[in-house]
Amino acid sequence: MKPNHTLSLITLLLFAIQCTLGQISENKGVKTKSTPLAYIEQHTIKSIHLEQDVAINVFLPETYHSDSDLHTYPLIVLLENEFFYQITGIVKHLSSVSSMPQAIVISFPNDFEKFYAPKVYTNNSDFWPKSWEQMPFDGDPNVFTSFLKEELFTHLSEQYRIANYRMIMGTSPTSTFPLHAFCKEPNLFQAHIAIAAGDILGMGYISGETFSTVITKNIQQNPDRKASLYIASAQEDVDEDPNIGKNIETIERQITLIKSQNLKFKAEVFDNESHYGVVLPAFIAAMETFFPKEKWNPDFRNFEKEPGNTLKNISAYYQDLSNEYGYTVLPKAERWNSGNSLRASANRLFRQKRFKESIEVYQRLVTYRPKSAETLSTLASALEANNELKQALEAQKKAIALAKQHNSNHLQYYTEHMEEIASKIEHIKE
């Protein structure tokens, strides 16, 4: 939404990544293969509504291509491309430790020809020139809304497995559109993030009216609305304009009094932070607000200890989570260095000789990781331990087929395991 001074550097970087994909180079007689480490793509769509070509950076979860088609991912729309790489790094980390869902993140690396936001009244804000009665935004927000609904979201849904859960983040003046969307387009996004936005809160559609008032009335009139809203500013901005701190305090107090059951909300000021320095800590706090750790990082051992069947306990928990967020949330298939995943749960059940439950969880894991030879092989081990040898042999054969397809280093082990199972079957026949 504002000039991007790093465009040339980003373009060259993306071009270099594309050129090096699969490329073989020689350095002093040693052949090396260069492959990209990040799952980032760039698209360009011709927007009829905006009357310009729009470039889009797209970040995909690390497991996107190994996940099953059952997996869909929330979408995060960044209105400031400046923070694309920083935010995607945070998303990757938080999702890896189950502090938020895996997500697809997009930004717009080129400048829009207009600044699309409502031309709000400044209400004599001390943060902007006193001569500005209204913010000098020149783009119709309804046009931008049409672009999002009819062009961007349609394009992305055709290309990727996008969940029906969308977030938008704006910073400083670009935070105006997320606040506007919360008030006027309630179904456009399910979560709204406005950072360095305390000054914008004091502005409004008409002179004297503030976003704080409009947002509060909106929630009062729609108490059952499922929504998430996070607003933050830096102490540095409050020091420059005390009204920014008052705006944050006002909306926090007003919305807390409403006590909406379906609203996830927080507004805060960060000490020892600068205007744009607040972006990263505020984004992390927003994710903590929208995706509480106690919900998104359950202890899988409890599912195993609860009465009944482990897989049914897991499924019931994630069905409740899906109902709350409005899209299908699936349990974590695997987690590095953590016991809170399907694989870890299946392994524990196996060690406890609860083979039938272990098999069920391994089978669900195979469903979620259909390209994993390792997962099929572990299923085969559980089937073998439960004396389901024919089924174990079939699973191990499939593991070998996948191992060959993907040039696995474990092919010999899988083959030996298959031969062991086959030998047991032959021994029983004798």
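What is proline 74 in contact with, leaving aside its neighbours within four places in sequence?

Analyst: Once you leave aside its neighbours within four places in sequence, proline 74 is in contact with Pro101, Gln102, Ala103, Ile104, Ala163, Tyr165, Met167 and Tyr327; contact here means heavy atoms within 4.5 Å. Keep in mind that this is a predicted model, where local features need pLDDT of at least 70, side-chain atom pairs count only at pLDDT 80 or more, and totals for chains, interfaces and linings use all residues. Residues are numbered from 1 along each chain as its sequence is written, and side-chain values use heavy atoms, with hydrogens and water left out.

Proline 74 belongs to strand S5 (residues 73-78). Helices (H or I, at least four residues) and strands (E, at least two) are DSSP runs, numbered from the N terminus. Proline 74 has a relative accessible area of 0%, so it counts as buried. For that scale, buried means under 20% relative accessible area, exposed over 50%, and partly exposed in between, using a 1.4 Å probe and protein chains only.

Now step back to the whole chain. It has 17 helices and ten strands, and its C-alpha trace spans about 95 × 60 × 40 Å along the principal axes. Of its 430 residues, 52% count as buried. If you take the contacts between residues at least 6 apart in sequence, 69% of them join residues at least 24 apart.

Next, the nonpolar interior. In soluble globular proteins, nonpolar side chains tend to be buried together. A nonpolar core, as used here, is a set of buried Ala, Val, Leu, Ile, Met, Phe, Trp, Tyr and Cys residues joined through side-chain atoms within 4.5 Å. The largest one holds 70 residues, and the members that touch the most others are Ile76, Ile193, Tyr230, Phe283, Met287, Phe290 and Phe291. Helix H16 supplies the largest share of this core, eight residues. Apart from that core lies another, of 30 residues, including Phe115, Phe137, Cys183 and Ile244.

Tyrosine 230 is a handy one to click on. Not counting residues up to four places away in sequence, it touches His192, Ile193, Ala194, Lys266, Glu268, Phe270, Ala282, Ala285, Ala286, Thr289 and Phe290. Glutamate 268, from that list, is in strand S10 (residues 263-270). With a relative accessible area of 17%, glutamate 268 is buried. Its own contacts, again leaving aside neighbours within four places, are Tyr230, Ile231, Ala232, Ser233, Ile248 and Ala285.

Leucine 148 is another buried residue, at a relative accessible area of 1%, and it is in helix H3 (residues 141-159). Beyond its neighbours within four places, leucine 148 is in contact with Phe153, Phe177, Leu188 and Phe189.

On to H16 and its partners. Two packed helices are described by the angle between their axes and the distance between the axes. Axes are lines fitted to C-alpha atoms, for helices over the stretch in contact, and angles run from 0 to 180 degrees between N-to-C directions. The axes of H15 (residues 373-385) and H16 (residues 389-405) come within 8 Å and cross at roughly 165°. That makes the two roughly antiparallel; angles under 35 degrees count as roughly parallel, over 145 as roughly antiparallel, 65 to 115 as roughly perpendicular and the rest as oblique.

H16 also packs on H17 (411-429): their axes come within 9 Å and cross at roughly 160°. H16 and H17 are therefore roughly antiparallel as well. Residues making this contact include Leu393 and Ile400 of H16 and Tyr414 and Ile421 of H17. By class, the H16 contact with H17 has 13 nonpolar, three polar and four charged residues. Ala, Val, Leu, Ile, Met, Phe, Trp, Tyr, Cys and Pro count as nonpolar, Asp, Glu, Lys and Arg as charged, and the others, Gly among them, as polar.

Asparagine 407 is in the loop between H16 and H17. Its phi is near 50°, a positive value in a residue other than glycine, and it is exposed, with a relative accessible area of 64%.
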